[in-house]
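Please view the sequence and the model together before reading on.

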Amino acid sequence: MSVPQESAASQEPAASQEPAASQEAEERSLVNNRWQRTLDVLSVIGPPLTVATALLVYFGWARTDAQAKAMGLDVSLFGYTVQDFILRSIQSLFQPLAWLVVIGLLWLMVDRLVSRLLGAARYRTLLRRAALVVLVLGFAYAAVMWVAIVTQPERILLYAPFLIAAGLLVGAWGLSVRRRAADPAQRGLRATTPRSLERSLVFVLVTLLLFWGTSDYAQALGRGAAIDYQERSSLLPTAVVYSKERLAVTAPNVHEESAGTDAVPLYRYTGLRLLVVSGGRIFLLNDGWTLAQGRVVVLRDDGSVRVEYGNANAN
């Protein structure tokens with residue numbers, strides 16, 4: 001008679017472990033489905049390497065275009081290649097990406113802590129109420145920032161798109177925590193409701209906002225680079241131009257001197273600073289260059305002129 005009792009007692013722990021195992025398997029299935037949906041979206045948009053390259057080129061172009069316009073030029077004059085734009089985009093993306101990684105790691109730590117607290121039934125009511133507050137504050141903040149941009153388009157709010165995206169993510173996370181804090185019976189019923197469209201819309205909207213904010217940041221860096229040239233033009237390499245023909249350079253502080261003879265004329269131009277050599281052209285700034293009154297001298301880099309460069313700090 002004791003044998004059936006022992007077998008029944010041994011079956012009770014196994015029966016209690018079945019719901020936990022099934023719940024763990026269900027959570028893994030949900031995670032796998034989310035990753036699969038993400039991969040499906042990426043496959044529709046394009047290969048990740050192609051998308052990343054296109055974004056690097058665009059942000060590099062946005063930075064260079066803003067800098068050229070601030071200097072009174074057009075970006076097409078420089079003749080930059082795709083590789084040039086990619087190199088110029090690194091500075092535009094480094095700080096936003098670093099902040100995204102840091103914030104993402106902090107969010108994962110907080111979300112894991114919340115998940116542990118949700119395991120205890122005594123904290124579910126408190127977390128559900130706190131999640132409601134986070135939900136309302138996040139979406140309200142995003143709405144206020146959006147209204148501020150729409151009603152005042154003339155004002156440059158550099159980080160406004162990032163703030164709107166943060167508000168949306170905080171609100172969506174609060175909504176997710178509130179759903180996870182629901183009663184098990186209600187959570188089981190609501191799990192049948194499809195939310196893939198909701199997550200996809202939030203993902204697309206946040207991605208567009210991050211793209212918008214990074215583009216504004218890259219343009220701000222370009223305008224800042226133009227202002228930096230104005231304040232530190234004296235630190236650029238010096239350039240002395242020699243030409244067999246008169247170039248008629250009328251930029252301020254540029255001096256023309258005759259360095260040849262009547263039979264073999266040669267003209268020398270001083271008071272110039274090297275900006276960049278690109279696209280078969282040499283771009284020079286005059287000493288004391290400013291955004292308001294400065295000139296950009298453009299020469300062909302085809303051997304028709306000879307340019308001597310020197311260290312700005314050399315005696």
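The model is predicted: local features need pLDDT of at least 70, side-chain atom pairs count only at pLDDT 80 or more, and totals for chains, interfaces and linings use all residues. Residues are numbered from 1 along each chain as its sequence is written, and side-chain values use heavy atoms, with hydrogens and water left out.

**Overall architecture**

The protein contains seven helices and six strands, where helices (H or I, at least four residues) and strands (E, at least two) are DSSP runs numbered from the N terminus. Along the sequence, the order of these elements is α-α-α-α-α-α-α-β-β-β-β-β-β. Of the 315 residues in the protein, 26% are buried; buried means under 20% relative accessible area, exposed over 50%, and partly exposed in between (1.4 Å probe, protein chains only). Among contacts with a separation of 6 or more, 67% join residues 24 or more positions apart, a contact being heavy atoms within 4.5 Å. The accessible surface amounts to about 20,600 Å², and carbon and sulfur atoms supply 62% of that surface. Such areas come from the Shrake-Rupley method with a 1.4 Å probe; for residues, only the protein chains shown count as cover.

**A nonpolar surface patch**

Trp 99, Val 102, Ile 103, Leu 106 and Met 109 make up a nonpolar patch on the surface, with about 550 Å² of accessible area together. A patch consists of residues with over 30% relative accessible area and no salt bridge, with like charges joined within 9 Å and nonpolar side chains (Val, Leu, Ile, Met, Phe, Trp, Tyr) within 5 Å. Trp 99 belongs to helix 3 (residues 82–118) and is exposed, at 53% relative accessibility.

**Salt bridges**

There are seven salt bridges in the structure, each defined as a side-chain nitrogen of Lys or Arg within 4 Å of a carboxyl oxygen of Asp or Glu.

Glu 256 lies in strand 2 (residues 255–258) and Arg 246 in the loop between strand 1 (238–243) and strand 2, so the pair ties together parts ten residues apart in sequence. Glu 256 is partly exposed at 34%, whereas Arg 246 is exposed at 56% relative accessibility.
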